Amino acid sequence: MASLGRTTLRTHRCGELRATHAGERVTLGGWVHRRRDLGGLIFVDLRDREGLVQVAFGPDAASPEVLRLAGGLTPETVVIVEGEVKRRPAGQANPEMPTGEVEVRAATLRVVGPAEVPVIPVARGKGETMANEDLRLRHRHLDLRRPELYRNLELRHRLLQRTRATLSAQGFLELETPILTKPTPEGARDYLVPSRVYPGEFFALPQSPQIYKQLLMVSGYDRYFQLARCFRDEDLRADRQPEFTQIDIEASFIGPEDIYAVTEAVLVALWAEAGEAVTAPFPRMPWREAMERFGVDKPDLRFGLELQDLSARIGEGSGEFLRAAVGRGERIHALVAPGGAALSRKDLDALTEDAKTMRASGLLWAKRGPDGVTGPGAKALGPLALEALQLAEGDLVLGVAGTDAVALPALGRVRLETIRRLGLAARTKHAFVWIEQFPLFERDPDTGQFAPMHHPFTAPHPDDLGLLGTAPERARSTHYDSVYNGTELGSGSIRIVDPALQQRVFDWLGIVPAEAERRFGFLLEGLKAGAPPHGGIALGFDRIAMLLAGVDSIRDVIAFPKTAQARALFEGAPTVVPQADLDVLHLKVVP
C-alpha cells in the first residue's frame with residue numbers, strides 16, 4: 001500500500017516506518033527533534049506529524065560533507081534526508097517508539113528550513129516541565145509541534161468526521177447559516193461588526209444559529225445539522241472561549257425522545273471513535289430530582305454522597321437557629337461522606353468557604369468517632385436528625401440550612417469538593433444522564449423579574465400550559481441537558497411554534513409586541529407562515545474533544561485558542577486600529 005505521505009519531495013512520513021520497511025530506500029522530510037553525537041556517529045530523531053524516527057549518519061553511508069552538515073543541525077531545523085531503512089542492532093530497539101525497531105541510515109542530507117534556537121522547547125526530557133501557557137500561546141506555531149497536541153488535533157479531526165457521518169446516515173443535511181447576522185442577545189453580549197456601507201448600523205457574530213435553524217424547519221428542511229462556529233462576549237471564565245464550535249442539530253415532527261435518540265447515537269459514535277465503549281439509552285432525571293439529590297443540574301453520577309432533607313427531623317434537641325430556619329419555610333439538607341472524618345479542620349474550613357461562595361451562611365459538620373458524634377453540627381442537628389443519618393464510625397456529615405435556591409447549590413458545591421478532597425474512587429467510568437423538565441422561568445436575583453431559564457423560544461411542558469396564566473413560576477419547560485460525569489455536554493428543547501403562545505411567553509419576560517417584532521420579527525414572521533413541531537440540541541464540540549482527549553483545558557484541543565482573558569497572544573489581538581481605518585467605518589473611540 002502506497003504511503004499517504006508520498007509527495008514529489010518524500011516517499012514516507014517519519015512516524016510510519018516499521019520493521020516491514022527494512023531494506024527500502026526512503027526519502028523523509030521533517031523537523032530535527034533531537035541530535036546526539038557519538039564519536040563518528042550522529043543520531044537525529046526526525047519528526048513530522050506522524051511521529052519520530054531515528055536517522056543515523058555514519059561514514060558507512062554518508063559522505064564527509066553530509067556528516068559535517070549533520071553535526072551542525074540545530075533543534076527544529078527542517079531537513080530532507082535519503083537513505084535505507086535498517087533494523088536496529090540487537091538490544092538497541094526502542095520499545096517506547098512505534099518506529100523503535102528501525103532506523104534510517106542516511107546517505108544524503110539537505111537543509112531546507114534553517115531554524116533559530118526555539119523560544120520554547122518542543123522536545124522535553126523526562127521530568128522537564130513545559131513553558132507557562134501564555135508563553136506557549138504566544139509562540140503557538142512551536143507549541144503545536146508537540147506530539148501530544150498533534151494527537152489531540154488529529155482526534156478532533158476524527159471526531160468531526162464521525163459526527164458528519166453519523167448524522168448524514170440518519171438523513172440530516174449539513175447546512176450553513178450566516179456568520180454576519182442581526183444582534184439578538186441570548187444572555188451574553190454580542191460581538192458587533194460595523195457596516196461600512198450603512199453608517200451607524202451593525203451586524204453581530206452569531207451566539208448560536210438558533211433562529212436560523214428554526215427557520216429551516218419552517219422552510220421544510222426537516223433534519224438539519226451544522227458544525228457551527230459561535231461567538232459570545234461573555235464574562236471571562238477559565239475554560240471558555242469567546243469563539244467555539246458546537247454540534248448544532250434541529251429536526252421536525254419530533255418530540256424529546258427523538259432528539260435523545262439522535263444525540264445518543266452521536267455521542268456513542270464519538271466515544272467509540274476515541275476507543276471508549278458506551279451504551280444507550282442514557283438514564284433520565286427531572287431537574288427537581290437532580291437538585292434534591294445532588295444540588296446541581298449537571299450531577300456527577302459516578303459517586304454517591306446524595307443529599308438528604310433533614311427538615312422534618314429538626315425539633316426538640318436541635319439548635320435554635322435551625323428550628324427558626326424551618327419555621328421560616330427553609331430546609332436543612334445534609335450529606336454523609338464515608339471516611340470523611342479523616343478530613344482535617346483546614347479541609348473543613350475550606351469546605352465552609354466553598355459553601356459561602358454559593359451564598360450559604362455557613363456549613364454544619366460533625367464526625368462519628370469511636371466515642372460517638374462530635375463537632376459543632378452534632379448539637380445543632382440534634383438526636384432525631386443524627387439518628388436518621390445512621391452514621392457509621394469514620395463518617396462525616398455536612399449540612400446547609402436555607403432556601404432551596406441557596407442551600408441546594410451550596411451543598412452541591414460542597415459535595416464535589418468533598419469527593420475531590422477525599423479522593424473517592426468512581427463507581428463507574430462513564431455516567432451519562434439526561435436532565436429534563438427544567439423550570440420555564442427563573443427569577444432575576446437583582447430585579448425579581450422573570451427571565452427564561454434558557455432561551456425564550458423553549459416550549460412550555462404540555463402538562464403545564466394552564467400555569468402560564470396563574471403560576472408561571474411553577475411551569476416546567478421542554479428543555480433538556482445532556483450531562484456526562486458532571487459536565488454539561490449540551491442543551492436543547494422543543495420550540496414554540498404558535499405565535500400567540502410565543503407572545504404570551506414574551507409578555508411574562510417583559511418583551512412587549514413592538515420589542516418582540518424589533519428583536520425577533522423574522523422568526524415570528526416565519527412562525528406565522530406555518531411551522532411544524534420541531535426541536536433540537538447544541539452540543540459543545542470543544543468540550544467533548546477535551547474530555548475524549550483526556551486533557552484539562554479546551555485550549556489543548558483548539559489549534560489557535562484565546563487565553564482566559566480572551567486575548568489571542570500569537571497574532572496580538574484584539575489590537576488598536578488607526579483612526580483612519582475607523583473613519584471608513586464611521587467610528588470613533590471614546591476614552
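Ground rules first. In this predicted model, local features need pLDDT of at least 70, side-chain atom pairs count only at pLDDT 80 or more, and totals for chains, interfaces and linings use all residues. Residues are numbered from 1 along each chain as its sequence is written, and side-chain values use heavy atoms, with hydrogens and water left out.

Five strands, order 12-13-16-14-15, antiparallel pairing. Strands (E, at least two residues) and helices (H or I, at least four) are DSSP runs, numbered from the N terminus. Pairing takes at least two DSSP bridges between two strands. Strand 12 (308–309) and strand 15 (372–374) are the edges; each has a single partner strand, so one side of each lacks a neighbour in the sheet.

Now strand 14, residues 364–369. Three bridges join strand 14 to strand 15, antiparallel. Arginine 368 sits opposite valine 373 there.

Next, the helices. Helix 10 (376–389) lies across strands 12, 13, 14, 15 and 16, at about 65° to strand 14. Helix 11 (404–422) lies across strand 13 and strand 16, at about 10° to strand 13. Contact means heavy atoms within 4.5 Å. Axes are lines fitted to C-alpha atoms, for helices over the stretch in contact; angles run from 0 to 180 degrees between N-to-C directions.

Last, strand 17, residues 432–436. Buried or exposed? Five of its five residues are buried, meaning under 20% relative accessible area with a 1.4 Å probe, protein chains only. Phe432, Trp434 and Glu436 cover one side, Val433 and Ile435 the other. Strand 11 (284–286) pairs with strand 17 in parallel, over three bridges. Strand 20 (479–484) pairs antiparallel, through five.

Note on methods
Buried means under 20% relative accessible area, exposed over 50%, partly exposed in between (1.4 Å probe, protein chains only).
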